[in-house]
Amino acid sequence: MNRIRVAIQKSGRLSERSLGLLQNCGLRFARSKDKLYWYGQDFPVDLLLVRDDDIPRILLDGVCDLGIVGQNIALEVMREGEERELEELRNLGFGRCRLSLAVPEKSGISSLADLDGCRIATSYPALTSSLLAERGVRAEMVKLAGSVEIAPGLGIADAISDLVSTGTTLRANHLVEMAVLFESSAALYCRPERVPSKKQALLNRLLARLDGVLQAAESKYVMLHAPRDALEEITLLLPGAEHPSLMDLESDPDRVALHAVCREAVFWEHLEALKGAGASAILVVPVEKMLG
Ligand code: ATP
Ligand code: ZN
């Protein structure tokens with residue numbers, strides 16, 4: 001059938017943002033009672049709600065065309081020796097975390113080299129051992145599905161390699177973060193076999209909307225008044241702005257109103273620099289949708 005099926009996490013850290021992102025692309029779903037399969041209304045894109053760990057397999061088996069999952073999970077499957085590549089179509093920027101090595105506070109392990117020959121507990125053995133091998137370290141992986149942080153205390157590992165975002169769990173277990181192996185975020189993956197050509201146009205439409213949403217999330221619409229003789233300088237100070245629109249100010253022939261879309265984050269420092277260059281009445285507003 002000429003529909004696209006997307007796998008997302010059913011419940012967990014990525015669920016809300018994954019669904020929200022698709023809804024921001026204008027997709028609406030009829031939610032089924034068992035909540036596993038949501039039919040797309042208006043736009044032929046359906047959802048399959050599953051555990052995040054199952055998403056790579058679902059794509060490899062061609063059950064879904066697209067999937068949103070952490071790069072940590074997709075890469076673990078790739079490094080396990082899966083020959084077919086899951087293609088990362090877009091980095092979605094949420095679900096950020098880092099795969100870090102942590103050791104007990106008084107372990108005496110202070111550098112990566114000290115880990116050579118050690119046992120490392122992790123839910124990501126393939127990714128961890130390949131990242132360590134790239135750094136010339138060979139260690140033994142102890143695979144645990146969860147609660148990796150208790151492994152050193154139980155005496156089943158010398159160190160752990162686990163996902164960290166704030167570090168609170170590590171501290172609570174008297175572990176210190178020693179090195180960051182990998183920075184991960186959620187990404188949109190495509191199944192390895194090409195999407196059938198009849199679905200390609202639909203996929204391109206979905207990706208164009210997604211790009212619009214992702215760009216809009218970063219972008220700001222900036223309005224200000226600028227002295228005519230400082231226009232060039234002020235345009236250069238606007239982060240990621242192209243071709244601002246200029247409008248005459250009837251009340252002040254020496255100044256113009258300038259409107260521009262900034263495609264990069266706009267910080268207070270930028271506004272201060274703009275003011276320093278003579279800009280006034282500076283307004284920064286969010287962009288909701290963007291196309292083209
Ligand atoms: P499921 O029931 O679907 O298997 P889970 O418990 O394995 O869920 P979550 O804890 O919801 O998974 O994490 C999903 C993803 O969120 C992780 O794979 C990772 O990409 C990302 N993530 C972001 N921050 C963290 C964090 N601090 N700890 C763990 N994962 C994080
Ligand atoms: Zn999981």
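## Largest pocket

About 1,200 Å³ of space lies in the largest pocket of this predicted model. A pocket here is an open set of points on a 1 Å grid over the protein atoms alone, with protein on both sides within 12 Å along at least five of seven lines. Grid points are joined across faces, edges and corners, and a volume is the space filled by probe spheres set on the points.

The pocket lining comprises 42 residues, and Asp52, Asn72, Ile73, Tyr124 and Leu163 lie nearest the centre; lining residues have an atom within 4 Å of a point. Helix H3 (71-79) is among the elements that supply at least two lining residues each, as are helix H2 (55-60) and strand S10 (159-164). The largest share, 4 residues, comes from H3. Helices (H or I, at least four residues) and strands (E, at least two) are DSSP runs, numbered from the N terminus. By class, the pocket lining divides into 15 nonpolar, 14 polar and 13 charged residues. Ala, Val, Leu, Ile, Met, Phe, Trp, Tyr, Cys and Pro count as nonpolar, Asp, Glu, Lys and Arg as charged, and the others, Gly among them, as polar.

## Zinc site

Asp52, one of the residues nearest the pocket centre, also coordinates the zinc ion (ligand 2) together with Asp53, through OD atoms at 1.9 to 2.1 Å. Donors are N, O and S atoms within 2.8 Å of the metal (3.2 Å for Na, K and Ca); water is not among the atoms, so sites may look incomplete. The angles among the 4 donor atoms run from 75 to 171 degrees, and the site is irregular. Four donors count as tetrahedral if all angles lie between 85 and 135 degrees; four count as square planar and six as octahedral if opposite donors are over 155 degrees apart and all others between 65 and 115; anything else is irregular.

Asp52 is buried, at 18% relative accessible area, whereas Asp53 is partly exposed, at 40%. Buried means under 20%, exposed over 50%, and partly exposed in between (1.4 Å probe, protein chains only).

## Enclosed cavity

The largest cavity has a volume of about 50 Å³; a cavity is a set of points where a 1.4 Å probe fits but cannot get out. Its lining consists of Val6, Leu22, Leu66, Ile68, Leu188, Leu206 and Leu210, with 7 nonpolar, no polar and no charged residues. Strand S5 (66-70) and helix H7 (197-218) each supply at least two of the cavity-lining residues.

## Basis of the values

Residues are numbered from 1 along each chain as its sequence is written, while chains are lettered from A and ligands numbered from 1 in the order in which they are written. Local features need pLDDT of at least 70 and side-chain atom pairs pLDDT 80 or more, totals for chains, interfaces and linings use all residues, and side-chain values use heavy atoms, with hydrogens and water left out.
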